[in-house]
Amino acid sequence: PNRRSRRPTVTEASNFLHSFAHAMATFALYPDGHATRGRALDDLYQALIDLLAANPKALFSFLGDQVVFGKTPLRGLEDWEWSKRLAGIGVQRLEFDATATRGDLEAFVDDLLRRLTQKGFDTSEVRQTRPSGIRFGTVGLKDQDKTQKPIETATLDFTLGEEAETLRWMHEEVTAGHQLPLTEAQAVVRSLSIAMHGQQRMMLPLLKIREYDEYTTTHSLNVSVLTMALAEWMSLGARDIQAFGVAGLLHDIGKVVIPLEILNKPGKLSEEERTIIKSHTVEGARIIIATEQDLDMASVVAYEHHIMINGQGYPTFAYPRDCHYGSKFVHVCDVYDALRTKRPYRDAWPPEQVLAYIEERSGVEFEGVIAHAFCQMMRTWEPNLVRVTEREPIPMG
């Protein structure tokens, strides 16, 4: 009886994977909006509906040459070419539930295609609060988290709660039409710098997200820390380190004018919505310039931090020119923190996988010297990377 009850589900699972492979190939061949793409997505979504009708929660594992559905190896898919390819980009575990939509599926296939082709990640589309019925990550990641020993921090006892609250207040002030509070921004950066140099050693106190609607605040603080650390690693002067920290803190300030229904939209963005969310670079530069303070570099970084060194990204220049040095620093730190952050629909990338991505994109998306220095720094300082909560003190070592 058990064998008979499982057989239809296994059949639907195999059918779904075949539809998935066809959709991936179609998305790679045809541009966004092409009718052939739409038909492949429709077929894939119908296969998912059929699969979830037989099993409300569908879990796939890709272990080398082996494809496992739930706990059952799928016969006939032992040499399925996509198994190793998915595992190679960090998708060893793939789960669907009944809340998965056609939009979720389209966004998921697009995301996988970007990973497989090593195209640059658009961190402006890291919409942390969006729900999704699709989740993926590394097999065994949860068990590893449970057994991981806490980092010893001697007598270190601090939170970044006050800094996070100050940054939220700054965002509220700008949203209300007031000038950007420069004094508070500089005070937050000074606090982050002090936290980085606790106990006479260099540390990277990076916030971990407790709730996804805190993403913008948490991400901005982390990028500020990483940018200052990289500037110090590359022996920049104290004034430059401070200025780079402010630029990192404010690089996404333009997102305060992006409607939440777009930032948090489930599924794939339309072209119009993508244009709106990309406008955060221009809006951020305008907000910073409007303070009438000496923040020229921060405004340039807000404008340029999504531009790749090969000229791709956004916004586009009327005439080709090089980006500011600070923009190149913030760009690599921005991408690192975005990929290291757990999203509702996928686990955070392991550190080495993110660093490998940055190295592979060196000379294309990232400036080579800066990318090399960043990866070298993170591999050296990883033992001193402290994940900090906003309101709970770090345990005493």
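E81 and R85 sit four residues apart in helix 3 (residues 81–88), about one turn of the helix. Helices here are DSSP runs of H or I with at least four residues, numbered from the N terminus. The two residues form a salt bridge, with the closest N and O atoms 3.9 Å apart. A salt bridge is a side-chain nitrogen of Lys or Arg within 4 Å of a carboxyl oxygen of Asp or Glu. Side chains of opposite charge can pair when their charged atoms come close.

This is a predicted model, in which local features need pLDDT of at least 70, side-chain atom pairs count only at pLDDT 80 or more, and totals for chains, interfaces and linings use all residues. Residues are numbered from 1 along each chain as its sequence is written, and side-chain values use heavy atoms, with hydrogens and water left out.

R114 and D111 form a salt bridge at 3.6 Å, N to O. Both belong to helix 4 (residues 102–117), three residues apart, or about one helical turn.

R379 and E352 also form a salt bridge, at 2.6 Å from N to O. This pair links distant parts of the chain, 27 residues apart: R379 is in helix 16 (residues 368–381) and E352 in helix 15 (residues 351–360).

The table gives the accessibility of these residues. Buried means under 20% relative accessible area, exposed over 50%, and partly exposed in between (1.4 Å probe, protein chains only).

| Residue | Relative accessible area | Class |
|---|---|---|
| E81 | 54% | exposed |
| R85 | 38% | partly exposed |
| R114 | 30% | partly exposed |
| D111 | 5% | buried |
| R379 | 37% | partly exposed |
| E352 | 44% | partly exposed |

Salt bridges with shared partners join D32, R37, E106, D110 and K268 into one network. The whole structure holds 24 salt bridges.

Key:
Helix = DSSP H or I, 4+ residues; strand = E, 2+ residues; numbered from the N terminus.
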